[in-house]
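Reader: I am new to this structure and would like to go through it step by step. Could you explain the terms as they come up?
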Amino acid sequence: MSASARPPEVSADSNDAHWMRRAIGLAESVLYLTAPNPRVGCVIVRDGQVLGEGATQAVGGPHAEVMALRDMQARGHSAAGATVYVTLEPCSHHGRTPPCVDALIAARPARVVVAMTDPNPLVGGKGLARLRAAGIPVSAAVCAEAALALNPGFVARMTRRTPWLWLKLAASMDGRSALHNGASQWITGPAARADGHHWRARSCVVLTGSGTVRIDNPQMNVRHVPTPRQPIRAIVDTRLETPEDARILDGGPVWIFTCHDDAAKARRLEARNARVIVLPSVPSRPEAPNGNLRVDLAAMLRWMGEHDVNEVHAEPGSKLSGALLQSGCVDELLLYMAPVLLGDAQPMARLPALQNLDDARRFEFFEATPLAPDLRIRARVTQNWRELLRCVQPPAGPGV
């Protein structure tokens, strides 16, 4: 088919958002399952009837389009005259599975609608181009922001090569996370704590600091929600002080990021499921370059990106929370606020005093959810989110 004869991008109709929201719900159903692959849902519809639907399975398993096509065939339908709704542009390259775009072309639907284009700059847009070349009209960017909300880490890793990191904080209404004697259990109630395990479960890595490990001796795993897999647990441990009998070392793999090279202790920790990663060091306070050193947190996130980490759930104490914020590593805040006042107590994040309000770190509130008696507030770095959204929308122009 010549370029001039290819079907153009077609405008979304009034039903597209409805069916795409159903596909997004399917993607959400595999929120804990697919990492490091994206969560994708697919629905095949004709004349208002669902012919087949499915979601991406665990790594190595079939993708959403194949699951939906199999479901359609099992119901005795064909894709003739149907519209396929899929939350991510069908893959056009061979990975662990064959290209999904080939399966769609073979099925010959009347039309394909996608929420997000492929964020991989090496392959993005090629799946849509293949469909058009085969004579199948496409529409893109339908419910793109809702689809992105399920996959910010995948898009971040594909485009900027680092994961999406949210920082979980539990605090009083006056922003305090613990008493000066260290007592912090429990500021928030059971519902907030259970909700926190949902965010652990959807992440690839749960991150904390060595101070929290030494003081609280937490497990840092998922216990309050059912999940088919546990995330990797990780510790920022500048001086490699993690106790060798710490509970966090029980069970699955643990990554320990340090700038202290102690081969003997590293070998002992490896016997407890831990991998010690030695990274460069940076001054703990940028304004005092000759002061104490700490792990280069930006280098840590680059390392995670190279090792297929999409989302990081950071759940540290106030010192590491402050360091992550100062380093510009935080994309989103997950704040659980309790209806109490603690007064003179430890802050939820240790940050230096500012001389000018223009230097304040600013976030955008976008969600507030009651978890009686507490409140979960989500806020993100606006520019980081907008950049991801830009990466999954088709560029403007004819025939795109």
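Author: Let us begin with one term: two residues are in contact, or touch, when they have heavy atoms within 4.5 Å of each other. The model is predicted, so local features need pLDDT of at least 70 and side-chain atom pairs count only at pLDDT 80 or more, whereas totals for chains, interfaces and linings use all residues. Residues are numbered from 1 along each chain as its sequence is written, and side-chain values use heavy atoms, with hydrogens and water left out.

Reader: Which residues does Glu-65 touch?
Author: Not counting residues up to four places away in sequence, Glu-65 touches Cys-42, Val-86, Leu-88, Pro-90, Cys-91, Cys-100 and Leu-104.

Reader: Where is Glu-65 placed, and is Glu-65 buried or exposed?
Author: Glu-65 is in helix H2. Helices (H or I, at least four residues) and strands (E, at least two) are DSSP runs, numbered from the N terminus. The relative accessible area of Glu-65 is 3%, so this residue is buried. Buried means under 20% relative accessible area, exposed over 50%, and partly exposed in between, with a 1.4 Å probe and protein chains only.

Reader: What UniProt annotation covers Glu-65?
Author: An unreviewed UniProt entry gives "active site" for Glu-65. UniProt positions are given in the numbering used here, feature names are shortened, and annotations may be inferred rather than shown by experiment.

Reader: And which residues does UniProt list for "binding site"?
Author: The unreviewed entry lists His-63, Cys-91 and Cys-100. Although these residues are spread over 38 residues of sequence, they cluster in space, with a largest C-alpha distance of 9.2 Å. Of these residues, His-63 and Cys-91 are included in the lining of the second largest pocket. On a 1 Å grid over the protein atoms alone, a pocket is an open set of points with protein on both sides within 12 Å along at least five of seven lines, and lining residues have an atom within 4 Å of a point; a cavity, by contrast, is a set of points where a 1.4 Å probe fits but cannot get out.

Reader: Where is His-63, then?
Author: His-63 sits in the loop between strand E2 (49-55) and helix H2 (64-74). Residues up to four places away in sequence aside, His-63 touches Asn-37, Thr-56, Cys-91, Thr-97 and Cys-100.

Reader: What about Cys-100: buried or exposed?
Author: Cys-100 is buried, with a relative accessible area of 1%. Cys-100 belongs to helix H3 (residues 100-107). The contacts of Cys-100, again not counting residues up to four places away in sequence, are His-63, Glu-65, Val-66, Pro-90 and Cys-91.

Reader: Changing topic, what does the domain assignment give?
Author: The assignment gives domain 1 (14-150) and domain 2 (162-382). The contact takes 10 residues from domain 1 and 13 residues from domain 2. Domain bounds come from an automatic or database domain assignment. The centres of the two domains, taken over C-alpha atoms, are 35 Å apart.

Reader: What area is buried between domain 1 and domain 2?
Author: About 900 Å² is buried between domain 1 and domain 2, and carbon and sulfur atoms give 49% of that area. Buried area is the accessible area (1.4 Å probe) that two parts lose on being put together, summed over both.

Reader: Why is helix H6 described as largely enclosed?
Author: In helix H6 (residues 152-159), 7 of the 8 residues are buried, so the helix is largely enclosed by the rest of the structure. Among the buried residues of H6 are Pro-152, Phe-154 and Met-158. H6 is followed by Arg-161, whose phi is positive, near 70°.

Reader: How many residues does helix H7 have?
Author: Helix H7 (residues 190-202) has 13 residues and reaches 19 Å from its first C-alpha to its last, close to the 18 Å expected at 1.5 Å a residue. The expected span is 1.5 Å times one less than the number of residues. Arg-202 is in helix H7 and counts as buried at 5% relative accessibility. Leaving aside neighbours within four places in sequence, Arg-202 has contacts including Tyr-32, Pro-152, Trp-166 and Glu-311.

Reader: Which peptide bonds are cis?
Author: Among them are the bond from Ala-35 to Pro-36, with omega near 5°, and the bond from Ala-372 to Pro-373, also with omega near 5°. Pro-36 is found in the loop between helix H1 (16-28) and strand E1 (41-46).
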